[in-house]
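Me: I would like to learn how to read a few features of a protein model. Could we go through them one at a time?

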Amino acid sequence: VSEAQKELMTVYHKPCFFLMEAAYPTDEADGDLSDWALQMEADRKRIKNSDIQVCAAWGRLVRLDGTTQIVNLAGLVCGLYAKAAVQESIGKTRAEAGFGIPKTKLLELLPAEMDNSIIELLDLAGYLTFREYDGLDDFYVYHTKMMSPDGSDFRYAEDVRVKNKIIRETRKEGLLLLNDDIDLEDVQGELETRAKFMFVPLQRMIDAKEISSAEITVPEGQAETILEDETMRVKIRYVSRGYIREVEVDLGRAQPSE
(Lines give C-alpha, C1' and ligand atoms only; values in the text may rest on other atoms or scores of the structure.)
Protein backbone atom coordinates (compact mmCIF):
# COMPACT_ATOMS: atom_id res chain seq x y z
CA VAL A 1 0.00 0.00 0.00
CA SER A 2 2.87 2.34 0.78
CA GLU A 3 4.34 1.75 -2.68
CA ALA A 4 0.93 2.37 -4.28
CA GLN A 5 0.57 5.63 -2.35
CA LYS A 6 3.97 6.81 -3.55
CA GLU A 7 3.11 5.90 -7.15
CA LEU A 8 -0.17 7.80 -6.95
CA MET A 9 1.73 10.85 -5.74
CA THR A 10 4.78 10.81 -7.99
CA VAL A 11 3.31 9.38 -11.21
CA TYR A 12 -0.33 10.46 -11.14
CA HIS A 13 -0.02 13.56 -8.93
CA LYS A 14 -2.76 12.35 -6.58
CA PRO A 15 -1.88 13.20 -2.96
CA CYS A 16 -3.97 11.10 -0.60
CA PHE A 17 -3.60 9.04 2.54
CA PHE A 18 -4.84 5.54 3.22
CA LEU A 19 -6.84 4.56 6.30
CA MET A 20 -6.45 0.88 7.18
CA GLU A 21 -7.89 -1.45 9.81
CA ALA A 22 -5.75 -3.35 12.29
CA ALA A 23 -6.70 -6.98 12.88
CA TYR A 24 -8.77 -7.70 15.98
CA PRO A 25 -6.65 -9.15 18.81
CA THR A 26 -7.55 -12.82 19.19
CA ASP A 27 -4.59 -14.40 21.00
CA GLU A 28 -4.60 -12.43 24.23
CA ALA A 29 -3.68 -14.57 27.24
CA ASP A 30 -5.97 -14.40 30.26
CA GLY A 31 -7.38 -11.08 29.10
CA ASP A 32 -3.94 -9.43 29.05
CA LEU A 33 -3.35 -7.36 25.90
CA SER A 34 0.15 -6.20 26.86
CA ASP A 35 2.03 -8.70 24.68
CA TRP A 36 -0.29 -8.03 21.74
CA ALA A 37 0.18 -4.26 22.12
CA LEU A 38 3.96 -4.62 22.27
CA GLN A 39 3.88 -6.72 19.10
CA MET A 40 1.73 -4.04 17.44
CA GLU A 41 4.32 -1.48 18.48
CA ALA A 42 7.12 -3.59 16.97
CA ASP A 43 5.17 -4.14 13.73
CA ARG A 44 4.53 -0.43 13.36
CA LYS A 45 8.27 0.35 13.31
CA ARG A 46 8.53 -1.32 9.90
CA ILE A 47 6.15 1.26 8.39
CA LYS A 48 7.38 4.81 7.83
CA ASN A 49 4.84 6.63 5.69
CA SER A 50 3.00 9.74 6.85
CA ASP A 51 0.21 9.04 4.33
CA ILE A 52 -0.82 5.77 5.97
CA GLN A 53 -3.06 5.56 9.03
CA VAL A 54 -4.07 2.40 10.89
CA CYS A 55 -7.14 2.30 13.12
CA ALA A 56 -6.56 0.03 16.14
CA ALA A 57 -9.98 0.55 17.73
CA TRP A 58 -13.05 -1.68 17.78
CA GLY A 59 -16.50 -1.40 19.28
CA ARG A 60 -20.02 -2.74 19.42
CA LEU A 61 -21.89 -0.56 16.94
CA VAL A 62 -25.67 -0.22 16.65
CA ARG A 63 -26.71 -0.77 13.04
CA LEU A 64 -29.57 1.04 11.29
CA ASP A 65 -31.87 -1.95 11.82
CA GLY A 66 -31.22 -1.92 15.57
CA THR A 67 -28.94 -4.95 15.64
CA THR A 68 -25.38 -4.68 16.92
CA GLN A 69 -22.10 -5.69 15.34
CA ILE A 70 -18.49 -5.71 16.49
CA VAL A 71 -16.50 -3.68 13.94
CA ASN A 72 -13.25 -1.88 13.49
CA LEU A 73 -14.06 1.81 13.91
CA ALA A 74 -12.30 2.94 10.72
CA GLY A 75 -15.73 3.41 9.12
CA LEU A 76 -16.69 5.90 11.83
CA VAL A 77 -13.36 7.65 11.33
CA CYS A 78 -14.08 8.08 7.60
CA GLY A 79 -17.43 9.66 8.44
CA LEU A 80 -15.76 12.09 10.84
CA TYR A 81 -13.17 13.09 8.24
CA ALA A 82 -15.95 13.69 5.72
CA LYS A 83 -17.50 16.40 7.88
CA ALA A 84 -14.27 17.91 9.25
CA ALA A 85 -12.39 20.80 7.67
CA VAL A 86 -8.92 19.77 6.49
CA GLN A 87 -7.17 21.45 9.43
CA GLU A 88 -9.67 20.21 12.00
CA SER A 89 -8.82 17.34 14.33
CA ILE A 90 -11.60 14.76 14.52
CA GLY A 91 -10.52 14.20 18.11
CA LYS A 92 -11.89 17.62 19.07
CA THR A 93 -14.02 17.26 22.21
CA ARG A 94 -15.96 20.53 22.05
CA ALA A 95 -19.63 19.53 21.82
CA GLU A 96 -20.52 21.83 18.92
CA ALA A 97 -17.77 20.24 16.83
CA GLY A 98 -19.91 17.11 16.66
CA PHE A 99 -17.10 14.55 16.73
CA GLY A 100 -18.21 12.68 19.83
CA ILE A 101 -19.76 9.24 19.23
CA PRO A 102 -22.78 8.81 21.56
CA LYS A 103 -23.05 5.64 23.59
CA THR A 104 -26.47 5.00 22.11
CA LYS A 105 -24.69 4.42 18.78
CA LEU A 106 -21.39 2.95 19.97
CA LEU A 107 -22.28 0.81 22.97
CA GLU A 108 -18.75 -0.04 24.09
CA LEU A 109 -15.13 -0.15 23.05
CA LEU A 110 -13.65 -3.60 22.58
CA PRO A 111 -11.87 -5.70 23.66
CA ALA A 112 -13.00 -4.98 27.20
CA GLU A 113 -9.38 -5.36 28.35
CA MET A 114 -8.36 -2.38 26.20
CA ASP A 115 -7.70 -0.01 29.10
CA ASN A 116 -6.09 3.43 28.93
CA SER A 117 -2.56 2.04 29.36
CA ILE A 118 -2.95 -0.12 26.23
CA ILE A 119 -4.63 2.73 24.33
CA GLU A 120 -1.80 5.11 25.21
CA LEU A 121 0.83 2.54 24.19
CA LEU A 122 -0.86 2.15 20.78
CA ASP A 123 -1.20 5.92 20.48
CA LEU A 124 2.50 6.47 21.18
CA ALA A 125 3.30 3.78 18.63
CA GLY A 126 1.40 5.75 15.98
CA TYR A 127 -2.00 4.04 15.78
CA LEU A 128 -5.36 5.81 15.72
CA THR A 129 -7.39 4.86 18.80
CA PHE A 130 -10.64 5.80 20.54
CA ARG A 131 -11.12 6.51 24.22
CA GLU A 132 -13.41 7.88 26.90
CA TYR A 133 -12.72 10.92 29.08
CA ASP A 134 -13.94 11.12 32.67
CA GLY A 135 -16.53 13.90 32.71
CA LEU A 136 -17.57 13.59 29.06
CA ASP A 137 -20.43 11.41 27.86
CA ASP A 138 -19.29 10.26 24.41
CA PHE A 139 -16.48 8.23 22.88
CA TYR A 140 -13.79 10.19 21.03
CA VAL A 141 -10.88 9.65 18.69
CA TYR A 142 -7.81 9.99 20.90
CA HIS A 143 -5.26 11.31 18.39
CA THR A 144 -5.26 11.02 14.59
CA LYS A 145 -1.79 9.49 14.46
CA MET A 146 -0.18 8.55 11.15
CA MET A 147 2.47 5.89 10.44
CA SER A 148 5.01 8.68 9.96
CA PRO A 149 8.78 8.43 10.42
CA ASP A 150 10.28 9.69 13.68
CA GLY A 151 10.57 13.47 13.72
CA SER A 152 8.11 13.97 10.86
CA ASP A 153 6.15 17.22 10.55
CA PHE A 154 3.15 15.12 9.50
CA ARG A 155 2.33 13.01 12.54
CA TYR A 156 -1.42 13.73 12.51
CA ALA A 157 -4.09 13.42 9.85
CA GLU A 158 -4.91 17.12 10.04
CA ASP A 159 -1.28 17.92 9.13
CA VAL A 160 -1.39 15.52 6.18
CA ARG A 161 -4.78 16.70 4.91
CA VAL A 162 -3.60 20.32 4.88
CA LYS A 163 -0.37 19.38 3.09
CA ASN A 164 -2.27 17.38 0.48
CA LYS A 165 -4.72 20.21 -0.13
CA ILE A 166 -1.86 22.65 -0.67
CA ILE A 167 -0.33 20.26 -3.21
CA ARG A 168 -3.63 19.85 -5.06
CA GLU A 169 -4.59 23.51 -5.15
CA THR A 170 -1.20 25.02 -6.01
CA ARG A 171 -0.69 22.40 -8.73
CA LYS A 172 -3.94 23.54 -10.37
CA GLU A 173 -2.57 27.09 -10.58
CA GLY A 174 0.84 25.87 -11.74
CA LEU A 175 -0.74 23.98 -14.62
CA LEU A 176 -2.19 27.25 -15.91
CA LEU A 177 1.33 28.68 -16.27
CA LEU A 178 2.61 26.00 -18.62
CA ASN A 179 4.01 27.33 -21.94
CA ASP A 180 3.72 30.98 -20.84
CA ASP A 181 6.33 33.16 -22.58
CA ILE A 182 8.40 35.48 -20.44
CA ASP A 183 10.70 38.47 -20.96
CA LEU A 184 14.30 37.22 -20.77
CA GLU A 185 15.44 40.72 -19.83
CA ASP A 186 13.56 40.39 -16.50
CA VAL A 187 13.33 36.68 -15.70
CA GLN A 188 13.14 37.13 -11.92
CA GLY A 189 10.38 39.73 -12.13
CA GLU A 190 8.40 37.69 -14.66
CA LEU A 191 8.58 34.54 -12.54
CA GLU A 192 7.67 36.40 -9.35
CA THR A 193 4.62 37.86 -11.11
CA ARG A 194 3.46 34.39 -12.07
CA ALA A 195 4.19 33.00 -8.62
CA LYS A 196 1.53 35.35 -7.29
CA PHE A 197 -1.08 33.30 -9.12
CA MET A 198 0.05 30.21 -7.22
CA PHE A 199 -0.35 32.11 -3.95
CA VAL A 200 -4.08 32.63 -4.52
CA PRO A 201 -5.17 29.22 -3.12
CA LEU A 202 -2.81 29.71 -0.16
CA GLN A 203 -4.52 33.00 0.61
CA ARG A 204 -7.89 31.27 0.47
CA MET A 205 -6.65 28.70 2.98
CA ILE A 206 -5.37 31.49 5.24
CA ASP A 207 -8.73 33.26 5.03
CA ALA A 208 -10.53 29.98 5.84
CA LYS A 209 -8.19 29.47 8.85
CA GLU A 210 -6.91 26.23 7.38
CA ILE A 211 -3.33 27.49 7.77
CA SER A 212 -1.90 30.37 9.78
CA SER A 213 0.27 31.95 7.08
CA ALA A 214 2.23 31.13 3.94
CA GLU A 215 4.76 32.54 1.51
CA ILE A 216 5.86 31.64 -1.99
CA THR A 217 9.25 32.70 -3.29
CA VAL A 218 11.17 32.36 -6.54
CA PRO A 219 14.80 31.33 -5.92
CA GLU A 220 17.37 33.61 -7.52
CA GLY A 221 19.54 32.52 -10.41
CA GLN A 222 16.90 31.16 -12.77
CA ALA A 223 17.86 33.62 -15.48
CA GLU A 224 20.87 31.36 -16.13
CA THR A 225 18.87 28.11 -16.23
CA ILE A 226 15.54 29.04 -17.82
CA LEU A 227 16.94 28.78 -21.38
CA GLU A 228 18.44 25.36 -20.65
CA ASP A 229 15.69 23.50 -18.81
CA GLU A 230 12.73 25.89 -19.31
CA THR A 231 11.61 25.18 -15.73
CA MET A 232 10.10 27.65 -13.28
CA ARG A 233 11.04 26.84 -9.69
CA VAL A 234 9.18 28.18 -6.69
CA LYS A 235 9.45 27.52 -2.96
CA ILE A 236 6.34 27.33 -0.75
CA ARG A 237 6.53 27.53 3.03
CA TYR A 238 3.48 27.65 5.29
CA VAL A 239 2.70 27.83 8.99
CA SER A 240 0.05 25.33 10.05
CA ARG A 241 -2.59 25.84 12.70
CA GLY A 242 -1.62 25.01 16.29
CA TYR A 243 -3.38 22.37 18.40
CA ILE A 244 -4.05 21.79 22.10
CA ARG A 245 -3.25 18.11 22.61
CA GLU A 246 -3.20 18.17 26.42
CA VAL A 247 -4.27 20.60 29.17
CA GLU A 248 -2.09 21.00 32.26
CA VAL A 249 -3.36 22.93 35.28
CA ASP A 250 -1.16 24.30 38.04
CA LEU A 251 -3.51 24.64 41.02
CA GLY A 252 -2.63 26.18 44.36
CA ARG A 253 -3.99 28.39 47.07
CA ALA A 254 -3.22 32.10 46.87
CA GLN A 255 -2.76 34.44 49.83
CA PRO A 256 -5.58 36.94 50.29
CA SER A 257 -4.76 40.48 49.27
CA GLU A 258 -4.28 42.93 52.11
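**Reading the model**

Reply: In helix α4 (residues 116-125), the buried residues are Ile118, Ile119, Leu122, Asp123 and Ala125. Keep in mind throughout that this is a predicted model.

Me: How do the buried residues of α4 fall when seen down the helix axis?

Reply: They fall within an arc of 160°, so they line one face of the helix.

Me: What covers the buried residues of α4?

Reply: The cover includes α2 (34-44) and β6 (130-132). Just after α4 comes glycine 126, with a positive phi of about 110°.

Me: How should I read backbone torsions elsewhere?

Reply: Histidine 13 has a positive phi, near 55°, and is not a glycine. Its place is the loop between α1 (2-10) and β1 (18-21). Histidine 13 counts as partly exposed because its relative accessible area is 40%.

Me: Where does glutamate 230 lie, and is it buried or exposed?

Reply: Glutamate 230 is in the loop between α7 (226-229) and β9. Its relative accessible area is 68%, so it is exposed. Glutamate 230 is also a residue other than glycine with a positive phi, near 50°.

Me: Which residues does the cis peptide bond join?

Reply: Leucine 110 and proline 111 are joined by a cis peptide bond, with omega about -5°. Proline 111 belongs to the loop between β5 (106-110) and α4.

Me: Now salt bridges. What is the general idea, and how many does a search of the whole structure find?

Reply: Side chains of opposite charge can pair when their charged atoms come close. A search of the whole structure finds 16 salt bridges. In one of them, the side chains of lysine 103 and glutamate 132 meet at 2.6 Å, N to O. This pair links distant parts of the chain: lysine 103 is in the loop between α3 (74-83) and β5, glutamate 132 is in strand β6, and they are 29 residues apart. Lysine 103 has a relative accessible area of 33% and is therefore partly exposed. Glutamate 132, at 39% relative accessibility, is partly exposed.

Me: Aspartate 123 was in the list for α4. Which residue does aspartate 123 form a salt bridge with?

Reply: The partner of aspartate 123 is lysine 145, and the closest N and O atoms are 3.4 Å apart. Aspartate 123 sits in helix α4 and lysine 145 in the loop between β7 and α5, so the pair ties together parts that are 22 residues apart in sequence. Aspartate 123 and lysine 145 are both buried.

Me: Which residues are linked with Glu169 in a network of salt bridges?

Reply: The network links Glu169, Lys172 and Arg204. Within it, the side chains of glutamate 169 and arginine 204 meet in a salt bridge at 4.0 Å, N to O. Glutamate 169 is buried because its relative accessible area is 16%, under the 20% cut-off. Arginine 204 is partly exposed, at a relative accessible area of 45%.

Me: What about serine 148: where does it lie, and what does it touch?

Reply: Serine 148 is in the loop between β7 (139-141) and α5 (157-175). With a relative accessible area of 5%, serine 148 is buried. With residues up to four places away in sequence not counted, serine 148 touches Arg44, Asn49, Ser50, Phe154 and Arg155.

Me: Last, which residues form the nonpolar patch on the surface?

Reply: Ile244, Val247, Val249 and Leu251 form it, and together they have about 540 Å² of accessible area. Valine 249 is in the segment after β9 (235-239). Its relative accessibility is 67%, so valine 249 counts as exposed.

Definitions and conventions: Residues numbered from 1 in each chain as written. Predicted model: local features only at pLDDT ≥ 70, side-chain atom pairs only at ≥ 80, totals over all residues. Heavy atoms only, no water. Helix = DSSP H or I, 4+ residues; strand = E, 2+ residues; numbered from the N terminus. Buried < 20%, exposed > 50% of the residue type's maximum accessible area, 1.4 Å probe, protein only. Contact = heavy atoms within 4.5 Å. Patch = residues over 30% accessible without salt bridge, like charges linked within 9 Å, V, L, I, M, F, W, Y side chains within 5 Å. Areas by Shrake-Rupley, 256 points an atom, 1.4 Å probe, with all protein chains shown as cover. Arc of directions from axis to C-beta.
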